[in-house]
Amino acid sequence: MLQFISFGSGSCGNCSLLTNGRDSVLIDAGVGIRHLKKFFREYGVKTQLIRGILVTHDHTDHTKAAGYVSVDYDLRVYATHKVHEGMLRNYHTTRKVDAQYRVDIENDVVLQLGTLSITPFHIPHDSADNVGYCIESDGEFFTLMTDVGIVTDEVSRYITRSNYLVIEADYDAEMLAEGPYPKYLQERIKSGKGHLSNDQCAQALVDNFHEGLRNVWLCHLSEENNHPELARKTVEMKLRQYGIVAGADFQLDVLRRGVPTGPWTLGTECSTPSQLDLFENE
């Protein structure tokens, strides 16, 4: 049985935790260390089960607390060599990850952390490098893909593998065009190394939907160029055009930006938010 919680999603900070009750991993550490420790206490996270921090890419909203968390909890930080180099160059990050905690990983090479089998895969984005993570536990597949410039064949392949999927729906195209961002920033966001729109996210789900997909979470929503209900409605309406019904064929949720969302207990049926039964109050 897997359990999942998002401690924050978006440009304000990204961090998630996945556990099977025996082993846990953090995915990104872009939430401030004080907030993260507060969330650990409030949700009763068994920090002794955390086997490491998986970093998607080197932008600050995904990495700013990695140096602190690694030292405070004696955790290895797993990232591609290019991401580690980018983190070291990132002048916005005040506490770098010490050399003793840095571990290089490679795309499409399975990383075994306890009972969790983790496969990183490439995602286009304008960072030093960017990966998604597909995590297998007892035959169930959980995948997180964020800051997705474009849906490649590789990205599609991991959607079709997933039972549980966290996927970016960063912006609404009309809101972006009419919003406050300058043209150069709009073009960067829309480029093949920027972010996915609500429509692009919806199309990726339409193109790669399969009966084994049970939960989808929309992540990394822009505060200025999107809205949770708009993202949800866009995806729901697009899927319905193809006979796929959110809430019946799978569970659709939106991760909140600056506060935790969940937790969810993930089972064989469409899952809903629940207590962290595999965690304990401390």
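Predicted model: local features only at pLDDT ≥ 70, side-chain atom pairs only at ≥ 80, totals over all residues.

Guide: Happy to. Residues are numbered from 1 along each chain as its sequence is written, and side-chain values use heavy atoms, leaving out hydrogens and water.

Visitor: OK, is Arg95 buried, exposed or partly exposed?

Guide: Arg95 is partly exposed, because its relative accessible area is 27%. Arg95 also forms a salt bridge with Asp98, with 3.4 Å between the closest N and O atoms. That term means a side-chain nitrogen of Lys or Arg within 4 Å of a carboxyl oxygen of Asp or Glu. Asp98 counts as partly exposed too, at 28%.

Visitor: How many salt bridges are there?

Guide: The count comes to 11. Among them is the one between Asp72 and Lys37, whose closest N and O atoms are 2.9 Å apart. Asp72 sits in helix H3 and Lys37 in helix H1, so this pair ties together parts 35 residues apart in sequence. Helices (H or I, at least four residues) and strands (E, at least two) are DSSP runs, numbered from the N terminus.

Visitor: And what does Lys38 do?

Guide: Lys38 meets Glu42 in a salt bridge, at 2.7 Å from N to O. They are 4 residues apart in H1, so about one helical turn separates them.

Visitor: Switching topic: which order do the strands of the open sheet have?

Guide: The order of its 7 strands is S6-S5-S4-S3-S2-S1-S14, and the pairing is mixed. S6 (102–105) and S14 (261–266) are the edge strands, each pairing on one side only. Strands pair if DSSP finds at least two bridges between them.

Visitor: What about S5, which partners does it have there?

Guide: S5 pairs with S4 in the parallel sense over 2 bridges, and with S6, also parallel, over 4 bridges.

Visitor: Are the faces of S5 covered or open?

Guide: Both are covered: Val77 and Ala79 are buried on one side, and Tyr78 and Thr80 are buried on the other. In a regular strand, side chains alternate between the two faces of the sheet.

Visitor: Which residues touch the most others in the largest nonpolar core?

Guide: That core has 28 residues, and Met145, Leu165, Ile167, Val216, Leu218 and Val235 touch the most other members. Helix H8 (198–208) gives the largest share, 5 residues. A nonpolar core here is a set of buried Ala, Val, Leu, Ile, Met, Phe, Trp, Tyr and Cys residues joined through side-chain atoms within 4.5 Å. There is also a second, separate core of 25 residues, including Leu17, Ala29, Val83 and Met87.

Visitor: What is Val235 in contact with?

Guide: Leaving aside neighbours within four places in sequence, Val235 is in contact (heavy atoms within 4.5 Å) with Asn198, Cys201, Ala202, Leu205, Leu218 and Leu252.

Visitor: Last one: where is Pro180?

Guide: Look in the loop between helix H6 (173–178) and helix H7 (183–190). Pro180 counts as exposed because its relative accessibility is 64%. Its C-alpha atom is separated by 19 Å from that of Asn198, 18 residues apart along the chain.

How values were computed
Buried < 20%, exposed > 50% of the residue type's maximum accessible area, 1.4 Å probe, protein only.
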